Amino acid sequence: MIKFKNINNLYGFNCLNIKVVKMKNETKKQVSPIESASSNINLKTHLTLALKNTSSIMKVLLPKIAVSVKELISEYKKLTQKNTDTDDKKNQIQMKALREHCYSLVGYNRKTDPNSAFEMVCTRAVKLGLMMIDHPNKFDVDAKNSQVFVMSKIATPFIIEKKEGQKSSINKKPNTDETLVEVNTGVIDRVYNVEYGNPNPRKPKTKDDKVELTFKDNAKSFYKLFNKALDYSKKKDVRFFDLVDEETMKQLSLIDTLFNGDNYKVMRNFSIDYQVSLSGELEKTSLNKKTA
């Protein structure tokens with residue numbers, strides 16, 4: 001029986017070297033630019049605090065996370081500026097991808113251990129970070145003092161004015177002020193939808209919901225067509241009858257009754273006396289607050 005002193009030298013080559021070569025040839029896991037960015041250090045720190053803290057998550061931590069998201073986006077753009085522009089490159093710094101990246105940094109799993117407060121702060125912080133990158137003159141953050149700033153005319157599109165001695169004494173004037181004003185974090189969702197559009201608009205489930213969602217558009221169309229019908233009738237234009245028939249006149253009579261009734265006055269006063277606050281809640285108008 002033949003004995004070999006060293007099994008590794010069997011057949012004239014070293015078996016250990018085969019393993020070493022194999023390990024060297026193994027493909028290393030590639031790390032994306034968004035994952036390798038140094039900005040992730042601060043972002044992860046703030047996200048970890050947000051995941052464990054619920055008392056000051058919106059007021060204190062959201063501005064800090066937003067600034068870290070802004071820094072991450074800026075660094076990512078520098079790291080990839082020489083790369084070919086592709087959809088994948090752009091998608092890495094979109095709303096959904098950035099939010100998922102935040103979740104991944106701290107190992108958050110929304111299916112096994114859901115935390116709605118953490119998800120909300122991540123979503124709003126990413127939105128604010130994106131807006132500070134895309135519209136730096138409209139949005140800003142003072143992370144040290146936990147303050148969020150938005151251009152005045154975006155935060156408050158209209159200003160209520162009262163004119164003494166006029167029949168219609170109250171009107172809404174477009175706000176043209178471009179200075180930055182401090183707002184609470186609740187306004188972030190609304191202004192983000194203004195800048196980028198709402199990707200998930202509420203879909204009507206019932207006939208009444210559909211009417212509610214299209215009422216503004218219908219009011220504009222009604223005003224336009226009603227003026228056209230009045231003009232045609234004044235000029236005795238035959239095209240009037242393309243717009244109006246007997247049933248239409250019945251509906252107009254009912255509308256006229258509504259406009260001259262008390263309920264319309266209540267609705268009109270309500271629209272003047274109240275408005276939607278920056279946090280999305282009902283509040284009295286600034287004019288009404290002063291006179292109250």
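## Basis of the report

A residue is termed buried under 20% relative accessible area, exposed over 50% and partly exposed in between, with a 1.4 Å probe and protein chains only. The model is predicted, so local features need pLDDT of at least 70 and side-chain atom pairs pLDDT 80 or more, whereas totals for chains, interfaces and linings use all residues. Residues are numbered from 1 along each chain as its sequence is written, and side-chain values use heavy atoms, without hydrogens and water.

## Aromatic pairs

The structure holds 8 aromatic pairs. Between F259 and Y264 the ring centres are 5.0 Å apart and the planes lie at 90°, so this pair is edge-to-face (ring centres within 6.5 Å; planes over 60 degrees apart). F259 is partly exposed at 43% relative accessible area, and Y264 is also partly exposed, at 31%. One aromatic cluster is formed by Y103, Y108 and F118.

## Helix α9

Helix α9 spans residues 187-196, and V187, I188, V191 and Y192 in this helix are buried (helices are DSSP runs of H or I, at least four residues, numbered from the N terminus). Down the axis of α9 the buried residues fall within an arc of 125°, so they line one face of the helix; the arc is that of the directions from the helix axis to the C-beta atoms. G197 follows α9 and has a positive phi, near 85°.

## Packing of α7 and α9

Helix α7 (residues 116-134) packs against α9 at an angle of about 45°, with the axes 10 Å apart. Residues of α7, including L128 and M131, meet residues of α9, among them I188 and Y192 (contact means heavy atoms within 4.5 Å).

Notes:
Helix = DSSP H or I, 4+ residues; strand = E, 2+ residues; numbered from the N terminus. Phe/Tyr/Trp six-rings, centres within 6.5 Å; stacked < 30°, edge-to-face > 60°. Axes fitted to C-alpha atoms, helices over the stretch in contact; angles between N-to-C directions.
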